[in-house]
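Let's walk through this structure together, one region at a time. Keep the viewer open so that you can follow along.

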Amino acid sequence: MKSPAHPHEKPHHPHWPLACLLFVYVLLLGLYSVHEPSTWLHIKTGAKILADGVIPRIDSYSYTVTGRPWTTDSWLSDILFHHLHRSTGAWGLILLKSIVAALAFVLLLPLNASSPLLAAGVLGAGALASWPGLTETPVFFDLLMLSLLIRTLRPRRKFAWSMVLQVALIELLWANLHGTTAVLGVWVAGLKAFKASLRADAEERLHHGAILVAAFAGCLLNPHGFSVVPHMFSGSAAGWQPLSPWFNVYSFFAVGGFWACWVCLQQEFFLSTTAASLLTASIVVPELRPLAILAACPVTALALGHHFKPVADTPARVARWALGMACLFAVHYGIVYVPLASARGYGAVSLAGARSFLKANGVSGRMFNEVETGSGLLEADRLVFVDDRAGLYGAAFMKDAARWPGRWKQLVEIYDFDYAVLLNRRALSYARVIDEDPAWVLAYADDEALVYIKRRGASGWLVAGAPRRLILPGRLWPDALDALLADPKTRVRALEELDRWIVQAPDSAQALLWKAYALAVLNLPQKAQHLLSLARGRGAFARDPELMACAAFVLERSGGGAETARLYHRAAFFLRRRGERQAEALVLARLGALYARQNDPKAGAILTRSRMLAVPAAEEP
């Protein structure tokens, strides 16, 4: 047991039991976290740098902006990502991210030596609030670089030239791992130099000026110099943000962080100004929120130390702290990981089936794709229509690409697409606009993607003479089969199409669910239940709320009872966490109607929420 120390004691007294527990906790948060599609772009760029021997200066990934100036600000991370992905697959990169993030938070634990339990609690809550930044992108290196700088510059010790070397090396590494935000390291060093200039002699001011020069030089030693600074404000098309703009954990940390900076400004000028400036910047640049939370953690713990009496870190109290962190992780697992981790990005949404179909059939020409899938399709060595590099494409183009269903005909006329790869978003029915276009034929479908081929395009020979399909998978509810099954003339053909769909995509849960619905309509309940069981055993079923809702619909048609409502509730929860309002409205409408038939009093509230969430398709992004 350690005796209490002054709240602002020098940060060189690690608490190893708490440090190890905190490391494991943050490591688990990283292992069970969300993903980003842009990881594929970094992996592809790393491979390109190694193949060409130079850092790219112009874009070569999209035919719409080919030749436009573009480069990577994270060449070292890109190469590392490529090597890890090639040698270990997704798990190696996810593990690296988790270890780096855990180290970043653990390094700041000793900054409040008087109350390690309090400091560890604040850092644990901060790590939980930082989940949008725990993705496989160069952003996670920012956390570690900032922690290293704070640990190097905060101690009140006699100047040594080794500090200059440490700062230079940290900035040099930061600038090449993620040059976009490395300039923040120069700012932090500048705050330290400014603090030293207030109450120091000329020699000490010179020493701290050398630290600032070292940070500046280290940041400058990247392939782009300070030209990367404007990229911090270029934005991104995809990024995890809290669903509520104000009522979220980040907002609480921001308010608490500003309060803590005010409380500790005199004793901890460097920590306070660092945290306050990063919190202010994070309001303008949301991508900096995890970094701002990390910077606010030590000053918040120190400020709380003024209001709470330090307690001895007995084994019993450490065990209770560990139990509290386990509860926080359980909250993260249930509210963040389960509904969001499979929503999109590296290690989540897979286009493997669509990519295999394109390669096996030699599909060529100009491809249309959505923003969310652009980076993933780069892995297939195909020129994309758009990806998530918002700064490269421009705001107007990104707006058109995001709202493509309303501008489909104009886009086809401008870009002359030969084939299209779409996410199979059944609730929004985005694919309907192509289904209704006689110039296009659905050639492939699975749980994740739909592939359409233009009859008169470069690969039109694949669908030459093919009739229009009766079954169109880009729908949420399988009752589209009712009319087909009721007519003897189309019933046989519809059942044959369902069988071909199952054969073409044997891992697809949706194909099995639709066939199960058809069998239920034809009064073959045992066969329907068998296919339903097979569908629920598919990997996509447990992570796709639309498939859950479809299974509930099939169960409802078969008289599934309480399990039907449970699946509807789970699907609605997933969709609510993902911010998919229109899809949630459709599921709640079905659930409310089910409860109404059962005379359940919950029906009214559910149907009211469904009507509140429902929006016209034209308003969807």
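How many residues does helix H6 have, and how far does it reach from its first C-alpha to its last? Helix H6 covers residues 139–153, so to speak a run of 15 residues, and it reaches 22 Å, close to the 21 Å expected at 1.5 Å a residue. The expected span of a helix is 1.5 Å times one less than its number of residues. Helices (H or I, at least four residues) and strands (E, at least two) are DSSP runs, numbered from the N terminus.

A word on the ground rules. This is a predicted model, in which local features need pLDDT of at least 70 and side-chain atom pairs count only at pLDDT 80 or more, while totals for chains, interfaces and linings use all residues. Residues are numbered from 1 along each chain as its sequence is written, and side-chain values use heavy atoms, with hydrogens and water left out.

Back to H6: 12 of its 15 residues are buried, so this helix is largely enclosed by the rest of the structure. Buried means under 20% relative accessible area, exposed over 50%, and partly exposed in between (1.4 Å probe, protein chains only). Among the buried residues of H6 are Phe-140, Phe-141, Asp-142, Met-145 and Ser-147.

Helix H1 is another one to look at. H1 (residues 16–31) has 16 residues and reaches 22 Å from its first C-alpha to its last, close to the 22 Å expected at 1.5 Å a residue. Its buried residues are Leu-18, Ala-19, Leu-22, Tyr-25, Val-26, Leu-27, Leu-29 and Gly-30. What covers them includes helix H4 (90–107), H5 and H13.

Start with H5 (residues 116–129), which packs with helix H12 (residues 289–304) at an angle of about 150°, their axes 9 Å apart. Axes are lines fitted to C-alpha atoms, for helices over the stretch in contact, and angles run from 0 to 180 degrees between N-to-C directions. H5 and H12 are therefore roughly antiparallel to each other. Here angles under 35 degrees count as roughly parallel, over 145 as roughly antiparallel, 65 to 115 as roughly perpendicular and the rest as oblique. On the H5 side, the contact (heavy atoms within 4.5 Å) is made by Leu-118, Ala-119, Val-122, Leu-123, Gly-126 and Ala-129. On the H12 side, Ile-293, Cys-297, Thr-300, Ala-301 and Leu-304 take part. By class, this contact of H5 with H12 has nine nonpolar, two polar and no charged residues. In this scheme, Ala, Val, Leu, Ile, Met, Phe, Trp, Tyr, Cys and Pro count as nonpolar, Asp, Glu, Lys and Arg as charged, and the others, Gly among them, as polar.

Thr-314 is partly exposed, with a relative accessible area of 21%. In space, Thr-314 is 9.8 Å from Leu-117, C-alpha to C-alpha, although the two are 197 residues apart in sequence.

Now follow H13 (residues 315–340) to its partner H25. The two pack at an angle of about 95°, with their axes 9 Å apart, and are therefore roughly perpendicular to each other. Gly-334, Ile-335, Val-336, Val-338, Pro-339 and Leu-340 in H13 meet Arg-570, Phe-573, Phe-574 and Arg-577 in H25. The residues of this contact divide into seven nonpolar, one polar and two charged.

Thr-564 is also found in helix H25 (residues 562–577). At 1% relative accessibility, Thr-564 counts as buried. Leaving aside neighbours within four places in sequence, Thr-564 is in contact with Ala-552, Leu-555, Glu-556 and Leu-594.

Finally, check two backbone angles. Ser-429, in the loop between strand S2 (419–423) and helix H19 (432–435), has a phi near 55°, a positive value in a residue other than glycine. Asn-599, in the loop between helix H26 (581–597) and helix H27 (602–613), has a positive phi of about 60° although it is not a glycine. Is each one buried or exposed? Ser-429 counts as buried at 15% relative accessibility, whereas Asn-599 is exposed, with a relative accessible area of 69%.
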